[in-house]
Amino acid sequence: MRFLTSRSAAAGLLVVFGAVRIFGAEPEPPALRLPKTGRPTGYVVELTIDPSQPSFRGTVDVAVRLDEKTSYLWMHAEALKIERASAKAGGAAIGVTATPRGDQGFLGVAFDRPVGPGEVALHFEYSGTLDETSTQGLFRQKSGDDWYAFSQLESADARRAFPCFDEPSFKTPWQLTLTIPKATTAVSNTPIESQKDGAGGTRIVRFQKTKPLPSYLVALAVGPFEYVDAGRAGRNKTPIRIVTPRGKTSQAKYAAATTGPLLEALEAYFGMPFPFEKLDQVAIPQTVSFGAMENAGIITWSESVLLADPAEETIKLRRQQSDWNAHEMAHQWFGDLVTLAWWDDVWLNESFATWMSDRTLTEWKPEWNMDVARVEARSNVMNDDSLVSARKIRQEIKTPDDIVNAFDPISYQKGAAVLTMFESWIGKEKFRDGVRKYLAAHPYGNATSQDFLRAIEAASFPGVAAAFSTFLDQAGVPLLEVATACSGDKPLLALSQKRFLPVGTPGSEKETWKVPVCSRGGSGAAPSRACGLLSEASGTLPAPTQSCPAWLLANEGERGYYRALYKGDLLSKLLDVADRELSIAERVGLLRDVDALAVGGAMPMSEALALVPRFAGSPSRAIVQATIRIAADVKDKHLLPPDLKPNYARFLTKTYGAKAHELGFVSRPGEDEETRLLREGLVPYIAREGSDPALQAEARRLALAWLDDRSAIDASMATDVLEAAAAHGDRALFDRYKAALLAAKERRDRKRLYSALASFSDPQLLGEAFALRLSSQTDPREADAMFLAALDDDESSLAGWKFLTANYDALIASSPRESTGFTPYLGIGFCDAAGRREVEEFFKGRVEKLPGGPRNLAHVLETIDLCVAARAAQEASVREFLKSW
Ligand SMILES: [Zn+2]
């Protein structure tokens, strides 16, 4: 619409001022990327921000080098009101008209005469709003009685903060000056250079000029912050602070204690000091669609993960915070120092930071068993990657939606898993040398996948880049069929590969990969290993043993990105020795493969279920949880025949009930972390899903006690206990939860109660719960927790879907824009053709308006199709297994 308006306005000008032909030549906005007419070489930005006010003002001076003579330049600006624009070239002023164009945030800058090639200085004066719902661009939020303002500019929202060239390849120094209320302070990418009092009770804070940064890594925060000095760390003695809203410094202890050691661990790996002048960790009261952001020198966080009272500093929170901290800090080198050239390489940023965090925590806290967490994450993303609608790691960017979709588990976990596989194949030292080469070749610049692969190959051996590319440039999980061939002189592994496709998929199995395969096995002597590259659809590799292996694991350490399907009796032989010969990570990987293969129809579900009682008594928490995952999939994947619900509940109680009672709901002094984590994963689950009235009554008693006294349940158990009580709860309990929600002062408690309210099974109560989402008494961003929790259960997910479809426009209008793209996922609870049709029909004409929505809808529809097919394939097998329980 705007396009038509500006075109007709330009046509009008032509008639009136026939001589000003330049306006008539106004070009159409670019389809996606800025043309290469010119590039910025530096910005000077001055912003006046009072977080207590809904709008801000700014001026931007940007130096641009024009590569050619032009009278029209494309930049970005979105939701900004440009009040004045001017330009100078060679000392002479040039008339400028700056007009927002199209619907993708383009700004057309028309000069009144052709300029360039050479330097031109552009000046903009403008105003904008501080968003109060979304966390894109510049936004403001309240904590207590105080307002705070923050920025979140990745991936394409710097254009909401200032007119700029909003693509990652444009790296320049930025000079920021903020005029803020005197009672507040400000933080940005660099240390403060100077500050002085300004007019009208303001303070003018000028920050040091930054190292070259792309627009998406510029950041600021303004408010009555308090600061925790976390000391200095690393080769350059980098100063570290934790920046909190007023009154919360006591919640910053863990972050303050751990940031320095993690920074030093990263420096040691990269062989390079922290690349920026300082590091601030800044808490944002509430983030949407992101958890933390790696802005250079100023990492911004969701407060719920960065800060915690001692009682809320749970094991999971400490691990999650450390994981995110290592991830965001790894980005300071990998993303900030060396930046992707374009968003088709999002994986370079995200896969690497995810992988780097895993390996850093593995060394820093061996007792956290990160190798197991890594295997779990890999198996989860292999499920996503089994969809035909899955993205490639390195996916072409054709539309702005593609940029939104690129921040998905494929870019994070699949990429990290593939890096793990190749690191393992070529060796840790060579891989690290390649990483160092890559960073050293592009400091404060840009690079691509090709640059990275070339550096890794140069540090190792030829063929690595080509093999790696087969995982980057095609979607899907390789399924390796594994047999042994022992008739020749030396035993061999006979392998074949195809894409793993679950039953009911429309996909093809033509893809092949160059797969590094490392195996381990035994044949009487001590176990030994062998590695090789499977390059064709089928082939042989040397077996790890001298004689025919008595047992064989085809994925040593579960570091390979593939699933293994063992032929003949290889699986049963492997399971027989699993407790003795396989690491915990290997056993978890094996169980997760069996689960995925059964749900995908490649083996009977009854065989997978038979492993549940067999391994449920393991002393390892991770293995018990892998068995729970198989058991839970019966319900989650809709494989449970309705008449066998009581059998299923008895199966769970008989398998896990004794352990659940032994653990109880309450931790004991001196317990280790694994025991506590097992309690969290097991006890509320059995109370909720099993047939154990005593556990259910205890969950209810504790939930009621928690409503009066928050210390009645460990913080780590509270949400699950509240949900378990709700699953068997009545209106009286519902009313207590609802009243507690509306009275709760802490956001964490409100989120717990929202999840719990969506866990009742009575549709009437669920309807009342969802109605809270549109109530004027609630914050929609918090209340959205209900929709996520509802997906755990058929009744609640159906209630969530009904509420969505009945109130769609109001829901979308009150949602932060960046979260609306996930709306199609609320239809994922269906497992029948009619439900699928309903979801598809409902989103016709709607999904295109949701950022990233079309691909998310495709995932949902395909998931429903697969669910229908899996149920048809496995219901009889599940029935066979459950009927005797
Ligand atoms: Zn990241």
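## Strands, helices and loops in a predicted model

Gly521 has Ser528 as its bridge partner in strand β26. Strand β25, which covers residues 515–522, pairs with β26 in the antiparallel sense over 7 bridges. These strands take part in an open sheet of 3 strands with antiparallel pairing, in which the order is β26-β25-β28. At the edges stand β26 (528–534) and β28 (551–553), each with a single partner strand, so one side of each is left without a neighbour in the sheet. Between neighbouring strands of this sheet the average turn is 25°, with direction ignored.

A further open sheet is built from 4 strands with mixed pairing, arranged in the order β27-β24-β23-β29. Its edge strands, β27 (538–542) and β29 (563–566), each pair on one side only, and neighbouring strands are turned against each other by 30° on average, direction ignored. Within this sheet, β23 (residues 478–485) and β24 (residues 492–499) are joined by 8 bridges in the antiparallel sense, and Glu481 finds its bridge partner in Ser496 of β24.

Is strand β11 buried or exposed? Of the 8 residues of β11 (residues 174–181), 8 are buried, so this strand is largely enclosed by the rest of the structure. Strand β1 (residues 38–49) runs parallel to β11 and is joined to it by 6 bridges, with Glu46 standing opposite Thr177 of β11. Strand β14 (residues 202–207), by contrast, runs antiparallel to β11 and is joined to it by 5 bridges; here Pro181 stands opposite Thr202 of β14.

Among the helices, α22 (residues 747–757) has 8 of its 11 residues buried, so it too is largely enclosed by the rest of the structure. The buried residues include Asp749, Arg750 and Arg752 as well as Leu753 and Tyr754. The buried residues of α22 pack against several helices, among them α19 (693–708), α20 (715–727) and α21 (731–743).

Two packed helices are described by the angle between their axes and the distance between the axes. For helix α3 (residues 253–270) and helix α5 (residues 315–333), the axes come within 9 Å and cross at roughly 45°, which makes α3 oblique to α5. The crossing in which α3 passes α5 is right-handed. The residues of this contact divide into 10 nonpolar, 5 polar and 2 charged. On the α3 side they include Leu262, Leu263 and Phe270, and on the α5 side they include Met329, Ala330 and Trp333.

The bond from Gly116 to Pro117 is cis, with omega near 0°, and Pro117 lies in the loop between β7 (106–115) and β8 (118–129). The bond from Glu154 to Ser155 is likewise cis, again with omega near 0°, and Ser155 is found in the loop that runs between β10 (146–152) and β11.

Key: Residues are numbered from 1 along each chain as its sequence is written. This is a predicted model: local features need pLDDT of at least 70, side-chain atom pairs count only at pLDDT 80 or more; totals for chains, interfaces and linings use all residues. Side-chain values use heavy atoms; hydrogens and water are left out. Axes are lines fitted to C-alpha atoms, for helices over the stretch in contact, and angles run from 0 to 180 degrees between N-to-C directions. Helices (H or I, at least four residues) and strands (E, at least two) are DSSP runs, numbered from the N terminus. Angles under 35 degrees count as roughly parallel, over 145 as roughly antiparallel, 65 to 115 as roughly perpendicular and the rest as oblique. A crossing is left-handed if the near helix is turned anticlockwise from the far one by less than a right angle, and right-handed if clockwise. Contact means heavy atoms within 4.5 Å. Ala, Val, Leu, Ile, Met, Phe, Trp, Tyr, Cys and Pro count as nonpolar, Asp, Glu, Lys and Arg as charged, and the others, Gly among them, as polar. Two strands pair if DSSP finds at least two bridges between them. Buried means under 20% relative accessible area, exposed over 50%, partly exposed in between (1.4 Å probe, protein chains only).
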